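These are my notes from a first reading of the structure. I set down each item as I looked it up.

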Amino acid sequence: VTGGTEPVEKTFEALKRCIKYCHVKDAAKRPDGKWTSVPPGTGQVPLPKVIHMVRASGFDGFLSFEHEKKWEPHLPPPEEAFPHYIQVMRQILSA
């Protein structure tokens, strides 16, 4: 499920029976129209909505963090990114 032009509800409805694991990441649209990864909770992907839809569907697997620093050097280093992910996910899951 992405933060693209299709509503996340429509994307999720089409994919929900296929979800076996879930990578969590966020993205923002750059001025040139392309998407780039950003720290979770700082981009345009509606993470709380998506996470709650996934969990409400009965998915009880891991929500793993996909940190793409190797391919997107502008991202913060892992020692900052992973604690940030944990904080954001705790906030989302406790709401």
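I began with the strands of this predicted model. Strand 2, residues 26–29, pairs with strand 3, residues 35–38, and I recorded the sense as antiparallel, with four bridges. I then looked up K29 and found its bridge partner in strand 3 to be W35.

Next I turned to the helices. I looked up helix 2 (residues 47–56) and helix 3 (residues 78–94), whose axes come within 10 Å and cross at roughly 60°. Helix 2 is therefore oblique to helix 3.

Which residues of helix 2 meet helix 3? On the side of helix 2 I listed L47, P48, I51, H52 and R55; on the side of helix 3 I listed M89, I92 and L93. Sorted by class, this contact between helix 2 and helix 3 has six nonpolar residues, one polar and one charged.

Last, I looked up the salt bridges. How many does the structure hold? I recorded four salt bridges. I followed up the one that K49 forms with E9, where the closest N and O atoms are 2.8 Å apart. K49 belongs to helix 2 and E9 to helix 1 (residues 8–15), so this pair ties together parts that are 40 residues apart in sequence.

Note on methods. Residues numbered from 1 in each chain as written. Predicted model: local features only at pLDDT ≥ 70, side-chain atom pairs only at ≥ 80, totals over all residues. Heavy atoms only, no water. Axes fitted to C-alpha atoms, helices over the stretch in contact; angles between N-to-C directions. Helix = DSSP H or I, 4+ residues; strand = E, 2+ residues; numbered from the N terminus. Parallel < 35°, antiparallel > 145°, perpendicular 65-115°, else oblique. Contact = heavy atoms within 4.5 Å. Nonpolar A, V, L, I, M, F, W, Y, C, P; charged D, E, K, R; others polar. Pairing = 2+ DSSP bridges. Salt bridge = Lys/Arg side-chain N within 4 Å of Asp/Glu carboxyl O.
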